[in-house]
Amino acid sequence: MSAHQPMIVGVVSSPRPEGNGATLVRAALRGAAGGGAATGEIFLSSSKIGFCQGCSRCLVEGKCQVGDDFEAIRGQLRAADGIILCSPVYGGTINATMKNLFDRLGMLEYMTSSVFGGKYVAAIATARREGTARKVARQLAYLPSGGVFQRAYVTGWLGVLAAPQGRELAPARLEAAGALGSRMVAGIRRGAAYPMQNIVHRAVASALIRPKFSQAIAAHRDGLMRGVYDDLAGRGLLPQRA
């Protein structure tokens, strides 16, 4: 069991700072704090995050070249031990604000797993139908877990029937969110590996994708893949430069 104090960051993509999602994330963070974690919150709608430009400069430079708040947010996420993602359900899936965060993480994150790799992830979704909320929460929780070189560990998800504006969420919902946060901290402290999660993808990545990516990244380590190579090599996932 680790004596390190975990850092848990909640990421809220709701447009309302006091809405259902923000309330649930704060309850989850209180649960994490009760387990001894330090906590922080990122409210995406109050940040300036533009759209991905598709320039691929992140693969070369190791960071996004768009001059907005994204890199600061990425830095907060990289420093976290656990990340709780929260989105309202729009059109049957996560909202555009959360989707844009993943767009900006893009191929750099897929190839390096530099934000979510080795981290613990949970998700919360709110919707007018609880079944839809649960489905989207599960999808959101597993969205970061498909990295090539490192995977994220999913500690849980929570789908909640949204309370109408002006009404409070039921205490049981807040208790469930608190339990989500405390469960994440417990998983971090015991080093839970969840060996059956994404087992098929992990097998394919290990046998096929990772070797091919490793060769391509090494071949272009002084050019198109310089940032990717330096990130992976710096974390011991590829050999260091000679």
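The model is predicted, and local features need pLDDT of at least 70, side-chain atom pairs count only at pLDDT 80 or more, and totals for chains, interfaces and linings use all residues. Residues are numbered from 1 along each chain as its sequence is written, and side-chain values use heavy atoms, with hydrogens and water left out.

Aromatic rings of Phe, Tyr and Trp (its six-membered ring) were taken to pair if their centres lie within 6.5 Å, with planes under 30 degrees apart counted as stacked, over 60 as edge-to-face and the rest as tilted. Tyr120 belongs to strand S5 (residues 120-127) and Tyr153 to strand S6 (residues 153-161), 33 residues apart; helices (H or I, at least four residues) and strands (E, at least two) are DSSP runs, numbered from the N terminus. Tyr120 and Tyr153 are both buried. For Tyr120 and Tyr194, a centre distance of 6.5 Å and planes at 70° are found, so the pair is edge-to-face. Tyr194 lies in the loop between helix H6 (171-190) and helix H7 (199-219), so its pairing with Tyr120 of strand S5 ties together parts 74 residues apart in sequence. Tyr194 counts as buried because its relative accessibility is 19%.

Helix H3 (residues 70-79) packs with helix H4 (residues 96-112) at an angle of about 75°, their axes being 11 Å apart. Axes are lines fitted to C-alpha atoms, for helices over the stretch in contact, and angles run from 0 to 180 degrees between N-to-C directions. H3 and H4 are therefore roughly perpendicular (65 to 115 degrees; under 35 is roughly parallel, over 145 roughly antiparallel and the rest oblique). Phe70, Ile73 and Arg74 of H3 meet Leu101, Arg104, Leu105 and Leu108 of H4, contact meaning heavy atoms within 4.5 Å.

A nonpolar core is a set of buried Ala, Val, Leu, Ile, Met, Phe, Trp, Tyr and Cys residues joined through side-chain atoms within 4.5 Å. The largest such core has 32 residues, of which Val11, Leu77, Ile83, Leu85, Met98, Leu101 and Phe116 touch the most other members. Its largest share, six residues, is supplied by H5.

Definitions and conventions: Buried means under 20% relative accessible area, exposed over 50%, partly exposed in between (1.4 Å probe, protein chains only).
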